[in-house]
Amino acid sequence: MDQLSIFPATLILIAINVLVSIYGWLNQQFLLKNLFDVGAIREKREYHRIVTSGFLHGGVFHLLINMFVLFQFGRYIEYQLGTPAFVFVYFAALLGGNLWALLENFRSPDYRALGASGATSGIILSFCLFQPFAMLLFFIIPMPAIVFGILFIVISVILAQRENRIIGHEAHIGGAIFGLIATIVISPQSLSIFSQQVAGVLGGG
């Protein structure tokens, strides 16, 4: 069975991200009209940017990182939840991340951002809920997913306070939180899976 039939949404989302990002690199006007721009959203009511900016990227490396994360974790979440639920979690994280960034930067009309990292942050936290003790790399340091998830949010909160930052950590925070909430809402049993695994490890089972 081919991967397109097993993980259709993951692969389609990757394809859309790649195609839209490349088109944005080739067409600067398209990119400027669709990236996350607080001033345009607040003053011109260009609310589409909250969604479209999540499919644009600032360069090849930025795109590759997000698509690698989506491919690695998206396949598991789509298999675990099913395609419709996975798509729900993905877009909940994307919207949650950008809405969080909008609230945090509402008084900064010059704030701009782009990228799928809010959505992919939500997918990572969803994975941590199902596999809290799977070993993940935080940079080059291996650690359980539950520790990774906590560190990811804490560090994002700290870095979001820095001036002149070039990474939208606000979207990481919002995406992670909304992805986690969306997973629990659409799959309440995920909490039972999480608690059972934690109890098993703490209890030595």
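Modeller: Before we start: buried means under 20% relative accessible area, exposed means over 50%, and partly exposed is in between. Also, this is a predicted model.

Biologist: Okay, so is Y76 buried, exposed or partly exposed?

Modeller: Partly exposed, because its relative accessible area is 23%.

Biologist: And F130, buried or exposed?

Modeller: F130 is buried, with 2% relative accessibility.

Biologist: Switching to rings. How many aromatic pairs are there in the whole structure?

Modeller: A search turns up nine aromatic pairs. One of them is Y76 with F130, an edge-to-face pair with 6.4 Å centre to centre and 65° between the planes.

Biologist: Which parts does that pair tie together?

Modeller: Y76 is in helix α6 (residues 60–81) and F130 is in helix α8, so the pair links parts that are 54 residues apart in sequence.

Biologist: What about F148 and F152, how do their rings sit?

Modeller: That pair is stacked, because the planes are at 10°, and the ring centres are 6.2 Å apart.

Biologist: Where are those two in the chain?

Modeller: In helix α9 (residues 145–159), four residues apart, so about one helical turn separates F148 from F152.

Biologist: Buried or exposed, F148 and F152?

Modeller: F148 is buried at 10% relative accessible area, and F152 is buried too, at 15%.

Biologist: Which residues do ring pairs link into a cluster?

Modeller: F55, F86, Y90 and F91.

Biologist: Back to α8. At what angle do α8 and α11 pack?

Modeller: About 55°, with the axes of α8 (residues 117–130) and α11 (residues 189–202) 7 Å apart. Angles from 65 to 115 degrees would count as roughly perpendicular and those under 35 as roughly parallel, so α8 is oblique to α11.

Biologist: Which residues meet there?

Modeller: From α8 you have C128, L129 and F130. On the α11 side they meet S190, L191, I193, F194 and Q197.

Biologist: Last topic, charges over rings. Which ring does the charged end of R42 sit over?

Modeller: The ring of F106, at 5.5 Å from its centre.

Biologist: And R75, which face does that one lie over?

Modeller: R75 lies over the face of F71, 3.9 Å from the ring centre.

Key
Residues numbered from 1 in each chain as written. Predicted model: local features only at pLDDT ≥ 70, side-chain atom pairs only at ≥ 80, totals over all residues. Heavy atoms only, no water. Axes fitted to C-alpha atoms, helices over the stretch in contact; angles between N-to-C directions. Parallel < 35°, antiparallel > 145°, perpendicular 65-115°, else oblique. Contact = heavy atoms within 4.5 Å. Phe/Tyr/Trp six-rings, centres within 6.5 Å; stacked < 30°, edge-to-face > 60°. Buried < 20%, exposed > 50% of the residue type's maximum accessible area, 1.4 Å probe, protein only. Lys NZ or Arg CZ within 6 Å of the ring centre and 35° of its normal.
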